[in-house]
Amino acid sequence: MRLRWAWEQRRRRATELAARHPEAAAVLTFYQEVAGFQQILATRPEAPAGVVEARRHRRTVALDGAARRLEGLLDVVSRAAPAPMAEVAWLLRTGPAEVREALLAQYLTGETPGGDEEVRRWLLARSFLQPYAAREVDGRGGTPGATAGAEAGDLHPARVCPRCGSAPLVGVLSDTGREEGAFHLICSLCGEPWRYPRLVCTLCGEERAGARTYFQADAFPHLRLDCCGTCGGYLKVTDLRRQALAVPDADDLASLTLDLWAQGQGYTKVEPNLAGL
Ligand SMILES: [Zn+2]
Ligand SMILES: [Zn+2]
């Protein structure tokens, strides 16, 4: 099973999930629009070079014409996002170009910020750079077919993406050609899957089984939260053996109720999704 999903696949999955989970329909509809724009970005010829390397070494890269494309994404988000995110996008869109350029540089060089507004700005920069980073890593614009190196390779115990150094967005359980029930983390920027020890916390490295609790809800039998009692972090895990049609990004957004529960219990997600959860 290939652990990369095309933008079109994400859009379709979001449409299906929006019909089934009305509580998440607004954010899933927003996500469909963003994925549609990302699909266009992924095929543009003027993509900036070196986004993955820049992020990995926490340095900026010349974005030139591509930075102007951010305005297009901000238009989409201003129109389609739920209120707080739409406002943040609108302020960025109508503000000076230097602020937008500084935001992209901030994403490439920094760590996930705290504070709701800062997180929303960060998510916009991440959404914009995702298709470029995915294209660099995948070489095929996120089209299913090729097999990524780390996906099939040996266990990679790093808690950040071996390609670009970003935090994982979600974990995935699947039957790969090599192993049943293999566990991979999926990068929040470039989408790279990398094999990771299933029982080790992705935030603090805690390995003791007793430090970990799992949470599941009947509405999402293929999803699970791995919560760490040592650092208070949690990761959402998609079990593709239970739902082969799942697309982790979209299923993550459809199950916001799980995040609200975990965050209400005081847990912090490893990396926020597009809804800021
Ligand atoms: Zn990555
Ligand atoms: Zn931990």
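These questions and answers walk through the domains, salt bridges and one tyrosine of a predicted model.

Student: Into which domains is the chain divided?
Tutor: This is a predicted model. The division gives two residue ranges, 7-138 and 149-269. They are named domain 1 and domain 2, respectively.

Student: How many Å separate the centres of domain 1 and domain 2?
Tutor: The contact between them takes 22 residues from domain 1 and 24 residues from domain 2. The centres are taken over C-alpha atoms. Their separation is 22 Å.

Student: What area do domain 1 and domain 2 bury between them?
Tutor: The size of an interface is often given as the accessible area lost when the parts come together. Here, 61% of the buried area is on carbon and sulfur atoms. The area buried between domain 1 and domain 2 is about 1,900 Å².

Student: How many residue pairs are in polar contact between domain 1 and domain 2?
Tutor: Both residues of a pair must be at pLDDT 80 or more. Salt bridges across this interface number 2. The count of residue pairs in polar contact is 10.

Student: Which element gives the largest share of the side of domain 1 that touches domain 2?
Tutor: Elements that give two or more residues to this side are α1 (7-20), α2 (25-43), α3 (51-56) and α7 (116-138). By class, the side has 12 nonpolar, 3 polar and 7 charged residues. The largest share is 6 residues, and it comes from α7.

Student: Which residue's side chain meets that of R13 in a salt bridge?
Tutor: The rule needs a side-chain nitrogen of Lys or Arg within 4 Å of a carboxyl oxygen of Asp or Glu. The R13 pair is at 2.7 Å, N to O. The partner of R13 is D251.

Student: How many residues apart are E271 and R126?
Tutor: Over the whole structure, a search finds 24 salt bridges. One of them joins the side chains of E271 and R126 at 3.0 Å, N to O. E271 lies in the segment after β7 (268-269), and R126 in helix α7. This pair links distant parts of the chain, and the residues are apart by 145.

Student: What percentage of residues 201-274 is strand?
Tutor: An unreviewed UniProt entry lists residues 201-274 as "domain: FdhE C-terminal". The end C-alpha atoms of this stretch are 22 Å apart.

Student: How far apart in space are Y267 and G229?
Tutor: Y267 sits in the loop between α10 (256-264) and β7. Beyond four places away in sequence, Y267 touches T213, C227, C228, G232, G233, Y234 and A262. Y267 and G229 are 38 residues apart in sequence. In space, C-alpha to C-alpha, they are apart by 8.8 Å.

How values were computed
Residues are numbered from 1 along each chain as its sequence is written. Chains are lettered from A and ligands numbered from 1 in the order in which they are written. This is a predicted model: local features need pLDDT of at least 70, side-chain atom pairs count only at pLDDT 80 or more; totals for chains, interfaces and linings use all residues. Side-chain values use heavy atoms; hydrogens and water are left out. Domain bounds come from an automatic or database domain assignment. Contact means heavy atoms within 4.5 Å. Buried area is the accessible area (1.4 Å probe) that two parts lose on being put together, summed over both. A polar contact is a pair of N or O atoms within 3.5 Å; within protein, one must be able to donate a hydrogen and the other to accept it, and residues adjacent in sequence count only if both atoms are side-chain atoms. Helices (H or I, at least four residues) and strands (E, at least two) are DSSP runs, numbered from the N terminus. Ala, Val, Leu, Ile, Met, Phe, Trp, Tyr, Cys and Pro count as nonpolar, Asp, Glu, Lys and Arg as charged, and the others, Gly among them, as polar. UniProt positions are given in the numbering used here, feature names are shortened, and annotations may be inferred rather than shown by experiment.
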